[in-house]
Amino acid sequence: MTGYVPNTPEEQQQMLKECGFSGFEDLYADIPEQVRLGQDALRLPDGMPEIAVHRAVEEMAAQNKVYRHIFRGAGAYNHYIPAIVNTIANREEFRTAYTPYQAEISQGVLQTIFEYQTDICELTGMDASNASVYDGAVAAAEACEMCRDRKRSRILVSQAADPKILSVVRTYSFGRDVEVVPVPEKDGVTDTDALQELLGSDVSCLLLQHPNFYGNLEDVDTAVQKVHDAGAKLIMSVNPISLAVLKTPGEYGADIAVGEGQPLGLPLAFGGPYLGFMAATQKMMRKLPGRIVGQTVDRAGNRTFVLTLQAREQHIRREKASSNICSNEALCALRASAYMAAMGPEGLRDAACQCSAKAHYLQQKLSEAGLAPAYPEAEFFHEFVTVCKDAEKVLSALDKEGILGGLPLSEDRILWCATEMNTKAEIEKTAAICKEVTGA
Amino acid sequence: MKLVFERSRSDRGTAYLEKCDLPSALPSEKFARKTPLRLPELPETEVDRHYTELAKQTYGVNSGFYPLGSCTMKYNPQINEEMAALPGFTNIHPLQAEETVKGCRQVCETLEKYLCEITGMDAVTLQPAAGAHGEFTGLLLIKAYHRERGDVKRTKIIVPDSAHGTNPASAAMAGFEVISIASDEHGCVDLEALKAAVGEDTAGLMLTNPNTVGLFDPNILEITRIVHEAGGLCYYDGANLNAVMGIARPGDMGFDVIHVNLHKTFSTPHGGGGPGSGPSGCKQFLARYLPGTGKEGSIGDVRSFGSNFLVAVKALTYILSLGREGIPAAACNAVLNANYMKVKLSDIFPMAYDTVCMHEFVITLEKLKHETGVSALDMAKAMLDFGIHPPTMYFPLIVHEALMVEPTETETKETLDEVIAIFREIFREASENPEQMHEKPVKTPVLRPDEVLAARNPVIRYDFEA
């Protein structure tokens, strides 16, 4: 038989007979004749044995260019993934389980989610985390929805946030018919004076990214003060690795923290699957969308984990649910949790310090090579923008050497990123190539 | 089971990074974290053992029979995983230049083309990361279509009462009012109720077909005609596509917008709750509204980057493996396996709808509950002691004391025979000794949890101070 159907044709005939059917036709009698596909009408290639499939898919993978050195971030970051993380995430039980509806035989997966929720609370300094959503941008959009208030119909989003996040927030807002108002950016950071102007009693929240899309650190203290004075909520979109060294959303007094969890042990993978994390204050816990795992006891009094607070969810509340989310990114959350368990607090802090040290060294070297920092006054973590005459020329010179340079933002601006993966020698080589192009 | 935090001892960690050969350059003190970061500190051996222990207490498709209705827990082929782990896929940055990602584009375009062919749609986006995400996306296409035509009074989405909870939830997220219509006595759409519900305010109908009671709605062409004549569009929830793939196509049934679940129908693993992938498809007249095109008319993006790409690689691998003849063959065997189980159980288990089913069937234990006090929950819990995963419980909502069984095509006849024997044995036990059924399970690592306590007193993170 083809594919993964185990029953032989003889067995199938026997089963059909035992059920009183004369053939497969009988099983599909309810399908109107007009919509029945004829035999072999499906325009797909013939099924292939595994060896041929292997060859075909490998050939596709070979069409891609894998860079040896990566200096590009902009929402997807190249970090070291300890081998143990892949081993754990590839355990078949974790990989092939469904959502843990039957707690008695799902304590393993439930506990991993509980541990993940704890990790996210620790990282962000918040009280309550959900089990994940699709990605960082969706987390931001869902957070805006959590802040919805009948009397407050506008959402403010910093224009220094990742444009991809802004785009997703807009799409979700089109659904709910909520107005999204961008807060202008000035010198690479959110313009807090403009923010003051835009705030009003009809604003439900501000979405602020920190470090922002340009890599710069925001004046969160001022923003949170202004937002709360206006009776609105502050949503911070944060980089999880940076939180090992940067002041947390909890410390700033944010109401919700969200972000892209990909840096925590997930491969770049052309953009997915990734992981949207969401954490909130105790007060907003019951507004969180999606799965949440809680601790309880079983009949014998043993500690037990279950899916909980389900009264928020679609399968109970239907059109009144806090979100439609059902499947989330559980295995990606497990990866993140395993990554944090392997790295530990010191390892994560080390990764963060290395990101920062290497990015600052890269900025200095590029500056010497004629790529001036676009925002010399701003402080940054591991991303920054440079200005030079011909960005494309610089990037294509790097490309020839197997180096993926920063992301071109315009003809003369490039957004760079460095992580623990980049060595000093690699940074110096990159700067030298740039220097040849600029002639600095 | 200890929590990972309870296994932790200070300074026990493993170092994975080399020493930094550059001077520290952290941002200034005002930006610094003050709170200690309490992540676990474990040597790698302990990390490995911790997760091995947790894996042992997790039940996957590889562990055994998993007839979770509506979830299509078919076998997840290993070749899919190996292909998705190719460095030529995993190491690709999503913002690389077009000429460096030709292979990724080929994967996506080929999969989109095949999904169009299987569903009878003209265009597909791989952006949605799950079924519910696909529903939301598809409903926004419907919204954009009516808006662009200036038909702003179309604010209502009709959803049968048998639908998955995600349907009404997605419709609400897309800003629609939900009109729920009752199903007829066969569990199918009540044509009179539908006719009464449609009108000038109808934006569309959402329907799962085969529906959630496991039946192919024989009036499907009439249903889509009624909605179209009223000016609405028809949305197909592809949750149950596995029963009819290669046999019949939603596009030919009159549907305008669909989503499919790669993690159900196309064999990608469910991961204990994701990552999935829920591509949305549509007919040509809606294609301009699709996300990810960056073109005028598009609803915008529903995620940061392209797709759950590695999931797409797995689904493509699966379709290439099965091909033209394997796709309908899988559907046929899924339907056969379900009917076989149903027939072999129906002498003692009352079926909610006693006709030929598609890939799943629904048992109703209302009578048993009434006579013995044994509920669908008790029956499901008893199955755990036999080492099998129970069916979906209490869904669809229109069937009382429901157990929804979906064996899938990848189970052997011997497995079905064993499971049929287990079901019958449990039924006998329930009839003879109903009281003890409330105690089930007794052989699992933990017993029935106190869910009320969990919700009343939420403990959703580890307490380091306790």
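Chain A exposes about 14900 Å², and carbon and sulfur atoms supply 47% of that area (accessible areas come from the Shrake-Rupley method with a 1.4 Å probe, and for residues only the protein chains shown count as cover). The model is predicted, with local features needing pLDDT of at least 70, side-chain atom pairs counting only at pLDDT 80 or more, and totals for chains, interfaces and linings using all residues. Residues are numbered from 1 along each chain as its sequence is written, chains are lettered from A and ligands numbered from 1 in the order in which they are written, and side-chain values use heavy atoms, leaving out hydrogens and water.

Turning to the fold, chain A has 15 helices and 17 strands (DSSP runs numbered from the N terminus: helices are H or I with at least four residues, strands E with at least two). Its C-alpha atoms fill a box of roughly 80 × 55 × 50 Å along the principal axes.

Next comes the partner chain. In chain A, 184 residues are in contact with 202 residues of chain B, where contact means heavy atoms within 4.5 Å. The size of an interface is often given as the accessible area lost when the parts come together. Here chains A and B bury about 16800 Å² between them, 63% of it on carbon and sulfur atoms (area lost on being put together, 1.4 Å probe, summed over both parts).

Notes
Buried area = accessible area lost by both parts, 1.4 Å probe.
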